[in-house]
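Please examine the sequence and the model shown below. The briefing that accompanies them is arranged by topic.

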Amino acid sequence: MENVIIVRYCEIHLKGNNRGFFERVFAENMEKALKGIKHVIRKQSGRYAVEEFAVSETDEIMRRLQKVFGVHTLSVALKVKTDLDEIFEAVKTFNPQVGSFKVETHRADKKFPLNSMQINAEIGGRLLAYNRKLSVDVHNPQTVIGIDLRENGTSLVFGNLINGVGGMPVGTAGKGMLLISGGIDSPVAGYMMAKRGMKIECVHFHSYPYTNMQAREKVEELAAVLGEYSCGTTLNVVKVTHIQEEIHKKCNGDYVVTLLRRFMMRIAERLAKKCGAQCLITGESLGQVASQTIEGMTSSGSVIESLPILRPLCGFDKNEIIERSRNMGAFDISIRPYEDCCTVFLPKHPVIHPKISDVLAEEAKLDVEGLINEALSTLEIVKI
Ligand code: ATP
Ligand code: MG
């Protein structure tokens, strides 16, 4: 008996002529996720099998594969010779102790003397005799025991399927530049675009010494959590302290956040161009805070000339975002209480529905190009 992990993938099936490309990227991403663990990944028809690993690594392999986009379901399986006695020995190890079960056989090996129904009945009967606390329920069983008779004389036996994260393999849908703060929303926004196959680069703006080193470390940790799903990422860190001081000194205080956002967008666009990212991604959600009104988004978006801005959380409630943040493992880091640059110099009455003409009048008081270049000269790049 040999331990195997079966990996079933989802939407990749739909991709017609591109299927080879999607499968190749998917397999590469699994290899990256399992780096450092001895294993072999083999392609089978319509799925993959991870083989030749140490049994003690099973949980770790499962944990890592559960973060690979494109994985629909996973099963820990036993590979045995196609022989009823050997199959039953393997089934016994998945014995659910109590409750209902059914056996579901898939027979690729058409030469085997029993058909799938007969194998279900034979193995199900043996299991009932072996454990009298079990019952058969073919409609709504608590445990499904799968048996795959393969064409090469081996069979795979497995228990209930475990859900993967779904989505598309990262690297099949271009690259995006995520504006990442230390908050709850932006890491989730990055996760959602990675889930659709996008590679993610990150940019974070800080205003040291108004924001501290812990705030910066927090963002690096969040980028690392995101990176577990996005096959790694790069964090661009830019200091915007002087921009904020200039805005504070020269402009109407109510426009501080609005103006800062426009600088962030412009800088993010330039960094995106440099690394080949094709869009910007933010964690904005309509109406969540004063700066996230439609007028606020129009004002910050209007400085971007040539890239789309994706706001995958735009239609989500905060509690929906929090649930996703928890599921991806970012929440506990996001809620650490360090200041973000947006909360420095925060006005009492920020403009909620900024008029573009007013914004432009305020911005005209600043050397926009000079400030952008100065900020870009502080760029640090951290590989995550
Ligand atoms: P988050 O939880 O992502 O911080 P938020 O609800 O706090 O979002 P805002 O502070 O208004 O909302 O920020 C809106 C979006 O602007 C963020 O989701 C993020 O994409 C971007 N952003 C805000 N602050 C920064 C920052 N310091 N560096 C990079 N991007 C930022
Ligand atoms: Mg924030």
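The structure is a predicted model. Six strands form an open sheet with mixed pairing. The search of the whole structure finds one cavity of 30 Å³ or more, and the largest pocket holds about 910 Å³ of space. The count of disulfides comes to zero.

**The six-stranded sheet**

- The strands of the open sheet follow the order β14-β13-β10-β11-β12-β15.
- Strands β14 (309-310) and β15 (380-383) are the edges of the sheet, since each of them pairs on one side only.
- Strand β11 (residues 199-206) and strand β12 (residues 234-239) run parallel and are joined by six bridges.
- Within this pair of strands, Glu 201 stands opposite Thr 234 in β12.
- Helix α5 (residues 185-195) packs on the sheet and touches β10 (175-179), β11, β13 (279-281) and β14.
- The direction of α5 makes about 170 degrees with that of β10.

**The largest pocket**

- The largest pocket is lined by 43 residues.
- Closest to the centre of the pocket are Ser 181, Arg 261, Gln 292, Asp 340 and Cys 342.
- Helices α5, α6 (213-229) and α8, together with strand β11, each supply at least two residues of the pocket lining.
- Helix α8 provides the largest share of that lining, with five residues.

**The largest cavity**

- The volume of the largest cavity is about 70 Å³.
- Among the residues that line the cavity are Val 257, Thr 258, Arg 261, Glu 284, Gly 296, Ser 300 and Pro 354.
- Helices α8 (256-275) and α9 (294-301) each supply at least two residues of the cavity lining.
- Helix α8 gives the most to the cavity lining, with three residues.

**Helix α9 and its cover**

- Gly 296, Met 297, Ser 299, Ser 300 and Gly 301 are buried in α9.
- The cover over the buried residues of α9 includes α8, β14 and α12 (356-363).

- A disulfide requires two cysteine sulfur atoms within 2.5 Å.
- Cys 202 is likewise in no disulfide, and the nearest cysteine sulfur to it, that of Cys 275, is 10 Å away.
- Is Cys 202 buried or exposed? Cys 202 is buried, because its relative accessible area is 0%, and the cut-off for a buried residue is under 20%.
- Cys 231, by contrast, is partly exposed, with a relative accessible area of 33%.

**Backbone features in loops**

- Most residues other than glycine have a negative phi, and most peptide bonds are trans.
- Cys 231 has a positive phi, near 55 degrees, although it is not glycine.
- Cys 231 lies in the loop between α6 and β12.
- Glu 52 is also a residue other than glycine with a positive phi, in this case near 60 degrees.
- The loop that holds Glu 52 lies between β3 (47-51) and α2 (58-65), and Glu 52 is partly exposed, with a relative accessible area of 36%.
- The peptide bond from Tyr 208 to Pro 209 is cis, with omega near 5 degrees.
- Pro 209 is found in the loop between β11 and α6.

- Phe 101 lies in strand β5 (residues 99-107).
- Phe 101 is buried, because its relative accessible area is 1%.
- What is in contact with Phe 101, leaving aside its neighbours within four places in sequence? The contacts include Pro 96, Gly 124, Leu 127, Leu 128, Leu 134, Val 136 and Thr 143.
- Phe 101 and Val 136 are 35 residues apart in sequence, and their C-alpha atoms are 5.1 Å apart in space.

Key:
Residues are numbered from 1 along each chain as its sequence is written. Chains are lettered from A and ligands numbered from 1 in the order in which they are written. This is a predicted model: local features need pLDDT of at least 70, side-chain atom pairs count only at pLDDT 80 or more; totals for chains, interfaces and linings use all residues. Side-chain values use heavy atoms; hydrogens and water are left out. Buried means under 20% relative accessible area, exposed over 50%, partly exposed in between (1.4 Å probe, protein chains only). Two strands pair if DSSP finds at least two bridges between them. Helices (H or I, at least four residues) and strands (E, at least two) are DSSP runs, numbered from the N terminus. Contact means heavy atoms within 4.5 Å. Axes are lines fitted to C-alpha atoms, for helices over the stretch in contact, and angles run from 0 to 180 degrees between N-to-C directions. On a 1 Å grid over the protein atoms alone, a cavity is a set of points where a 1.4 Å probe fits but cannot get out, and a pocket is an open set with protein on both sides within 12 Å along at least five of seven lines; lining residues have an atom within 4 Å of a point. Grid points are joined across faces, edges and corners, and a volume is the space filled by probe spheres set on the points.
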